[in-house]
Every structure is written in structure tokens, then in C-alpha cells.
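Biologist: Can you put the model up? I'd like to go through the salt bridges and then the strands.

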Amino acid sequence: MSDFKLKFESLAAPVNTNIKKAIDEIDMLEIKPSEGPQNAKNHNRFRISTVKLKKQPFNSIKSYIAYIDSYMKTAKENHCALIAFPELCSLLPLPITIGGDKVLERLSTFDLPNLDEYFNQYIHSLGQWSYELYINVFRTFAKSYNMVIVAGSVFVMENGEYYNRSFVFDENGEIIGTQDKLFLSEYEKRLGLSVGTQINIIETCVGNLTILNDYDCFFFETAKIAKNLGANMIFSSQISRNSKIQSKCHEALIWRCEEQNLYGIESSYELELINTQCSFIAPAVLTKNQMGLLSSSDEHKTITYLLNFDKLNNKFDPYASDRNQYFYKNYNHCVYFD
Amino acid sequence: MSSENKTIITVVKPFSPPTYNVNLVVFSDNTPYYQDNSAFEHIYKSIKYAKKYKVYTVPCRFIKDDYLMQCMISPDGEIIGSQGATHLNLAYRGKINSYNELSIFKTPIGNFALAVDADIFHCEFARTASHLGADVIIASRYMEMINDMPYRACIGSENMAASNGLYIIDVTEEGARFVTPFQNNCIRDTNYPPQFDKKFYIDFDLLKKENIHSIFLSNKKLFQKYIDVLER
């Protein structure tokens, strides 16, 4: 994965300077690595953090790095092995660049006419910069903190197609997996994005995870495939400004965890007039309130939870464990092919 | 279909007269199922009920040929078809068999599927029913253990409705809930635990506006790639 390359058509002039500066800023923080997932006392129980971010008027690389570091530091103080950020957090530092605040504002105005044109302008002027900054910042933070990072996502171009691609970095800063968005929102369709063609299970020292953002989580098949391929956690986030969709996707994550016996980790953004949350989700019988929520916050902050995979593995559900493979074979072909 | 492209459904204790001017009546009582002579008698009385009140009728569950079944009766007293439980809850496993077919009952008041007992907790059932043309799933269950899992009891039907753009009539021994795919997933005419004898409107014009199918179809190739994984 280290030779992962993207082909954008042009580069913004100050790109390399800013990226080097970002890495220098992280170095200057003199971060002491966490004890790390490798040293966990019990390899079936891990502390995980998830965040709710807020769009900030960053005026320098330093302020952006300090902002991300504040979440990393909290995760470290809470002895976390992994931290999750929401999708497209790669767009957050755009205000650092000249005119970047306007680009971000336009990209955040979901019902803007000619959104695809603005997106093309963004890709061609700042796409490469966003991508390289994103990869280098999260790679360096993962290594410095000795922590796995589910790093949200970034727009990438591959073979002439645009994707909303999520990245996961291991505790050594290596990219250990990616996931392209599988079902596009109206917003993403208007940007001209393409859909991903596979569901990846990303093996980390904490557990096997899959990333199902927005509508990817809405269809039971994606979680069923992920579960059958070995996942035990779903990471999910939404950028939609439609409160109905936000609410639907949050509920869908709860359903997927319930029916497939998975943990769910949700990260989010603070959005005006829309209730969003970062949360930890589990099958209802593993939660105190029997409603599927282990922990949740609608505030702009980090929350941490100790996930116990032994509990997940030992859970028995008298209603979900029956499978009728004859039935599936009878009908799957006509459901998925015709 | 009734006036304004709407169908009216109610759920009552077996053989109670429908309070409203409804098109379809679903029976529910606190019996897990009828069998042998009691099954025959229950279906016979249901046929008479359907003819008397001129309503489509879905009687309670019954056992036939080692399957847990339900059927639908027309206002003329004809059995339109029957459906077996394709998934079994723990209490029945090893005692009766899983049914492997799914029938859609296409009637002038809408296209119906019957989710018998535990089927409401299995997404594969609703996805197939939706694909075969169902507008409404009547999900009837009797599960003592589910009382310890109230959240599970709720989400089965909400999940099915939202993920497939379907109406669900969620029938238990305690009554019924009406779940629609619209607005924050579901509008509930009754809260949990459900109540009897509510009037539920199926609005087919609203159903057509749901776009969940088009999103699902937008990446069908993804599922084709994993078809063997989906059959596990």
C-alpha cells in the first residue's frame, strides 16, 4: 500500500512547503508514544476513541495540527489503541490555503448549482495538496502516538474516476487498508464520484474492521458480507446535512450491529441545526439500556469506550442465529441479478 | 384498492367484528399457533368471517405438514395462498421445518407478503419480498422470549420498512404496530407495546415516492460479486 499513487493533473504551488511544515509541526510536539495495542493486557479488550469534529477557521498549518493533536492526545490519555475520525476530514485544513475557505464553503453548500464544477476546480487546484497533507499528517500522528487511526476519508482520482476513499493507518504509520464509498448520496452523485466495487476487511491489532459510511450502512448486505468475511467492527460516519438521512444512517448502524453481532463506532461533525453524534454501538443485549447504544455524545469532543470482544463472541441471539441457506439460494439470484 | 389509492387495515382478536370500514383484517391472539382440528376449525371460521364482513382476512398461525403457516383469505371466502415461516425461533427448531418459498399475494388492495414469526428479524426475507413486488408485509409473531428484548422487537419491523421502502403491519399477541418507511424511518400509530383495533392506512402514492430501491440498485454489481458470501 506504500506505493499508493494518485494522478492529479496539477499541483498547487505551496504544496510541498506546507506538507513538510506539517510534519515538522508534529515533530515539534515531541509526542511520547502510547503504550500501544501490542502491550494490551487482554488482547480481546481494547479502548477505542471516536470524535465529533467541528469545522474551524484554521489560519495556519500549526493551528490545524494542534487541533488534530488535541484529539490524539485525549485518546492517548485514555489509553486508546485506536482512534476514529469522520469521513472527508481531509477537507478541514482547506482554509489554510489562499482561497481555500471559499472552496470549503462551496463544497459544503450541498444544494449549490454547478457543484460539480466547483469540485473539479478543487480537485485540480488543491486535490493533490489535500491528499498529501491528509496522508502525511495521519501517517505521522499514527506513528508518533503508536496508535491505529481510522482516518476518515479523502477524495482521490484513479483511472480517471473520482472516489471518496477512507484510509486506515496502523500504529507504525503504514496504510493498512482503504475503503471506497459504495453507495453515493445525492451530494456525491452531483460531485461526479464513482462507487467502490469491493468491501474490504482491514485487519488491525485491535480487530478486523470494515468502513461503511452513510448509505453504505443502510443495506443489510454490506454488513452481512463484512461479517462473513471476518469483520467484528463497523466504522461509520455521515457528512449529510439532511437530518433525515443523518438519523436514518445512525439507526441503520444500530440495526447492522444488532443483526450481524458487530460493534459499531460512529464519528461525526458538528453541523448547524442538525443533531449528530459520535457513538459506540453494540447488539442491544450487550448494552445497559437494551437499545444498542454503549456510549454517545452530541458534543464536539472525543469519547472513549473499552470494547470487549469476548462479550461479542460469546453472545447468543435466539432469534438471529437461524439461517435458511435453501431460502437464500432459492431467491438470491433473482434479487441480485435480474 | 379503496378510495384515494389507500387501503385500510386493522388488527383484532380473532373473529371480533371490524370497528371500521376496513379492507383487510389481521387476527392475533395469545396462542403460538393452532394445529390439527383446532387449525381446521380456525381457518373454517376465518373463511366465514371474511365472507360475512366482506374483508380480506389473515387468520392466526397454524401448523400444516410440519410447517408454521399463515394464509390470506379473500372477501369471497377463498384462500388466496399460504406462507410458511422461512426462519424459526429457538422454541421451534428441531420440531418443525423451515419453509423455503416466498409468495406474494397480489390483490386489488395491494401486494402482500406474510412474515411468519421470526421472519421479521431476517433482512433476507423482506429484501426478497420487496424484490418480488410486495408493498406491505404483515409480520405476525408469538415469542415469549422477545419480551426480554423490547428493542429487538421494535427494530425488526423498522429496519425492514426503511431498508426496503415497505409498510409493515407488526402483529404480536399484544396487538399491532404500523411501521412506514417515511420520515425518520417510521411513523408509529401505536407505541410499543402495541395496541389492538387501530386503523392503518396504506398510501400507495406515498410508497411510490420512496427512492430507497434506486439507491440499492445503484451498486447491484457489488452484491453480485459477493453472492456466495450472501448465501451463508
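Modeller: A salt bridge here is a side-chain nitrogen of Lys or Arg within 4 Å of a carboxyl oxygen of Asp or Glu. This is a predicted model, where local features need pLDDT of at least 70, side-chain atom pairs count only at pLDDT 80 or more, and totals for chains, interfaces and linings use all residues. Side-chain values use heavy atoms, without hydrogens and water.

Biologist: How many salt bridges over all chains?

Modeller: The structure holds 17. One of them joins Lys181(A) to Glu87(A), with the closest N and O atoms 3.2 Å apart.

Biologist: Where do Lys181(A) and Glu87(A) sit in the chain?

Modeller: In distant parts, 94 residues apart. Lys181(A) is in the loop between β5 (175–180) and α5 (186–191) of chain A, and Glu87(A) is in the loop between β2 (82–85) and α3 (100–108) of chain A. Helices (H or I, at least four residues) and strands (E, at least two) are DSSP runs, numbered from the N terminus.

Biologist: How many salt bridges between chain A and chain B?

Modeller: Four. Arg323(A) forms one with Glu124(B), the closest N and O atoms being 2.6 Å apart.

Biologist: Which element of chain A gives the most to the side that touches chain B?

Modeller: α9(A), with eleven residues. α6, α7 (243–260) and α9 (325–336) of chain A each supply at least two.

Biologist: How many residues are in contact, chain A to chain B?

Modeller: 53 residues of chain A contact 53 of chain B (heavy atoms within 4.5 Å).

Biologist: And what area do chain A and chain B bury?

Modeller: About 5400 Å² between them, 59% of it on carbon and sulfur atoms. Buried area is the accessible area (1.4 Å probe) that two parts lose on being put together, summed over both.

Biologist: New topic, strands. How do β6 and β7 of chain A pair?

Modeller: Antiparallel, over two bridges, with β6(A) at residues 202–203 and β7(A) at 208–211. Strands pair if DSSP finds at least two bridges between them. The two form a hairpin with four residues between them. Ile202(A) has Leu209(A) as its bridge partner.

Biologist: Which residue of β8(A) stands opposite Leu209(A)?

Modeller: Met233(A). β7(A) and β8(A) (residues 233–237) run parallel, joined by three bridges.

Biologist: What do β7(A), α6 and β8(A) make?

Modeller: A right-handed β-α-β unit, with α6 of chain A at residues 220–228. Right-handed means that, with the strands pointing away from the viewer, the path from the first strand over the helix to the second runs clockwise.

Technical notes. Residues are numbered from 1 along each chain as its sequence is written. Chains are lettered from A and ligands numbered from 1 in the order in which they are written.
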